[in-house]
Amino acid sequence: MHSNVVPLLELIRKTSTDLPEDVRKALLKALEEEQKNTVSEYALKIMQRNIDLAKGKSQPLCQDTGSILFYIKTPIGFDQKAFEEEIKEAVSLATDKGYLRQNSVDSLTGKNSGNNLGPGTPTIYFEQHSHDYLDIRLILKGGGCENVGAQYSLPDTTLGAGRDMKGIQKVILDCVTKAQGRGCSPGILGVIIGGDRSTSYSASKKLFLRTIDDVNPEENLKELEESLLKEANETNIGPMGFGGKTTLLGVKLGVLNRLPASFFVTVSYMCWSYRRQGIILNNKSEIEKWLY
Amino acid sequence: MAVLEPHKFTLPLTEKDVRSLKKGDLVFLSGIIYTGRDAVHKYLYEGHEPPISLENAVIYHCGPVVLKEDNIWRVTAAGPTTSIREEPYQATLIEKFKLKAVIGKGGMGEKTAKACRDFGCVYLHAIGGAAQVYAEHIISVKNVYLREEFGDPEAIWELEVKDFPVVVVIPAS
């Protein structure tokens, strides 16, 4: 029996301290395009310095190490219960080592559990696949960007948004406008059209497993993603809300079937500190490959 | 816009310092600042006395990652948290303690802006997510208060900072 705690701890460490290549590239592009000698350019430069420091020192990119979201594919017949215990051990260890902040607070008493463990934390999604290895992906999503996410029910009379492409676009841009810089822009949107109240939010976060530079295979969604990105970047909200050219780095869209009575558009916002990593773990508990 | 030249200050700030600042100014602060976020703001707003004097202080909306090594606290990540959650409390605290500056991210509301004008305080925007850059500008942890009650992220951390970079978003004048 091999212990998975060590590779899981390494996955948490790397996720918290080192941004994936696609995110770094997008932030660099934003810096190059921003107007020089502005506060916005200064903010983007600070972000670059932060990325280098975090990696060099192996310390968290952001002090808000956020919600801990694991997405795991296991071989058929795999013992999920035992693995869950190993994840909890790794999370608790990562908290001791300062890769994670103590982020699990009792909602009634206000007491911090101190080790990131408690009802609902961390979040672990399991599914099975027809391979003999584990595909483990981790997203850390801070509270600032979590708070600016929004769910709309169409038709939305206040915004004048109907159950059509125009209405969908309208509510998504409303979310970006309301967020301003508070979600730590430039951000990334994960948007689900359809689903119910809970499936849509879960699925919208799962879209953050995609890379910024990937292309949606659905032609109509691809077009909507591009058009939303363009419009959001014309709002002049800019980095941290200081004004400027880049408000969003990317928009990711997905669709779920809905009930005839319901039409939800659900937006999750990810900050520029887009912490996502993944590993392939073989049955000897060795990391075979980093996924981002 | 011209090249950004930082306005450098050694804390505490005077009302004259504060009123000289304009929106968009880059400011580097050196000296003592105190973290305080949701739990602390509510606690002080409800009338509890602070465990240390906050007269003329600078409050930083931040829940840091802090490690204790060889009995010495070290801040390893310390970017700003979203300030608007403190909007119900901030104006009262500015008035009561004559706070000279509040540091956070995302801006604040009209009530806080009015208190800044009335009592000579400035709201300074730190770059969200830049926890390592800000940790670099924190030289030492002087003390920690209310840690037992509120836990590490919500405690009051007394921090010594050097050239702490922030941008004026709500000026006093």
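This is a predicted model: local features need pLDDT of at least 70, side-chain atom pairs count only at pLDDT 80 or more; totals for chains, interfaces and linings use all residues.
**Ground rules.** I number residues from 1 along each chain as its sequence is written, and side-chain values use heavy atoms, with hydrogens and water left out. Local features need pLDDT of at least 70, and side-chain atom pairs count only at pLDDT 80 or more.

**H1 against H4, chain A.** I looked up helix H1 (residues 5-17) of chain A and helix H4 (residues 80-96) of chain A: their axes come within 9 Å and cross at roughly 50°. I noted the crossing of H1(A) and H4(A) as right-handed. On the H1(A) side, A:Val5, A:Leu8, A:Leu9 and A:Ile12 meet H4(A) residues including A:Phe83, A:Ile87 and A:Val91 (contact means heavy atoms within 4.5 Å). By class, the contact of H1(A) with H4(A) has 10 nonpolar, no polar and 2 charged residues.

**Rings.** I found 9 aromatic pairs over all chains (ring centres within 6.5 Å; edge-to-face is over 60 degrees between planes). A:Phe78 and A:Phe83 pair edge-to-face, 5.5 Å centre to centre with 70° between the planes. A:Phe78 is partly exposed at 27% relative accessible area, while A:Phe83 is buried at 1% (buried is under 20%, exposed over 50%, partly exposed in between, with a 1.4 Å probe and protein chains only). Ring pairs link A:Phe78, A:Phe83 and A:Phe126 into a cluster.

**Chain B.** I also checked B:Tyr60 and B:Phe164, an edge-to-face pair at 5.2 Å and 80°. This pair links distant parts of the chain, strands E3 and E9 of chain B, 104 residues apart. B:Tyr60 is buried at 0%, and B:Phe164 is buried at 0%.

Terms used
Chains are lettered from A and ligands numbered from 1 in the order in which they are written. Axes are lines fitted to C-alpha atoms, for helices over the stretch in contact, and angles run from 0 to 180 degrees between N-to-C directions. Helices (H or I, at least four residues) and strands (E, at least two) are DSSP runs, numbered from the N terminus. A crossing is left-handed if the near helix is turned anticlockwise from the far one by less than a right angle, and right-handed if clockwise. Ala, Val, Leu, Ile, Met, Phe, Trp, Tyr, Cys and Pro count as nonpolar, Asp, Glu, Lys and Arg as charged, and the others, Gly among them, as polar. Rings of Phe, Tyr and Trp (its six-membered ring) pair if their centres lie within 6.5 Å; planes under 30 degrees apart count as stacked, over 60 as edge-to-face and the rest as tilted.
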